[in-house]
Amino acid sequence: MRIDVVSIFPSYFDGLTLSLLGKARDSGILNLDVRDLRDWTHDRHRTVDDTPYGGGAGMVMKPEPWGLALDELAASDSRASERPTIIFPSPAGEVFTQATARDLATREHLIFGCGRYEGIDERVFEYAADLGEVRLISLGDYVLNGGEVAVMAMVEAIGRLIPGVVGNPESLVEESHEDGLLEYPSYTKPSVWRDREVPPVLLSGNHGAIAHWRREQQLERTRRRRPDLLED
Ligand code: 6GU
């Protein structure tokens, strides 16, 4: 999979060289490129923002650098079989879930455009739709200063679903949200720690009883912490 990220703060993404995603990049499973939006400006001050038409607080990202960036990053797909999926992180977008991550992990080429300030000139989204499928995606109902932290989260959630990135594929199955429920609690040695015992069923060797207990724990936790997940 190819992922391009465009940002005015590319060093935010230095952390993506670490751990599993770093290994996936080294091995060639994941071709991740982080680019500075200012490289597509042509004025002395490398300007990426301007005041909003109609007035109002803050600054808006100018369309020209975004147009050139998208042209360059999407153009290399003209020979490929699939057009890119172009994702703009936005608190006004659809909410990102495990299902979104699974869907996006099947794509050949993702382009993430990180907005800052009060947002990006609306015409950029319209133009991007001529080059690929455009998705506005939010992490949840709260506001961040820009898209960078949201894109870090999305790239990690998507990247670990690419075959070969997570060493043991079974660890992808038994985790929160994969079956629509929260994960069951985990324990390791010692069996007693500071007077707290590991639930005895886990020491019983009875695999049927353990599976049943874990399922009950998943349901109980989900009922208590995330009843919204049980609605359908
Ligand atoms: Cl994707 N962007 C910003 N700026 N704020 C957010 C968000 C995204 N998701 C939740 N809050």
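Start by selecting the ligand and the residues around it: Pro89, Ser90, Pro91, Ser138, Leu139, Gly140, Tyr142, Val143, Leu144, Gly146, Gly147 and Ala150. A residue counts as near a molecule if its C-beta atom, placed from the backbone, lies within 6 Å of it. This is a predicted model, in which local features need pLDDT of at least 70 and side-chain atom pairs count only at pLDDT 80 or more, while totals for chains, interfaces and linings use all residues. Residues are numbered from 1 along each chain as its sequence is written.

Colour the shell by class: seven residues are nonpolar, five are polar and none is charged. Here Ala, Val, Leu, Ile, Met, Phe, Trp, Tyr, Cys and Pro are nonpolar, Asp, Glu, Lys and Arg are charged, and the others, Gly among them, are polar. Next select strand S5, residues 85–95, which gives the most to this shell, with three residues. Strands (E, at least two residues) and helices (H or I, at least four) are DSSP runs, numbered from the N terminus.

Move to helix H2, residues 63–75. Its buried residues are Pro65, Trp66, Ala69, Leu70 and Leu73. Seen down the axis of H2, they fall within an arc of 125 degrees, so they line one face of the helix; the arc is that of the directions from the helix axis to the C-beta atoms. On the face turned away from them, select the exposed residues Asp71 and Ala75. Buried means 20 or more other C-beta atoms within 10 Å of the residue's own, exposed means 12 or fewer, and partly exposed lies in between, with C-beta atoms placed from the backbone.

Finally, show the whole protein, with its seven helices and nine strands.

Methods:
The expected span of a helix is 1.5 Å times one less than its number of residues.
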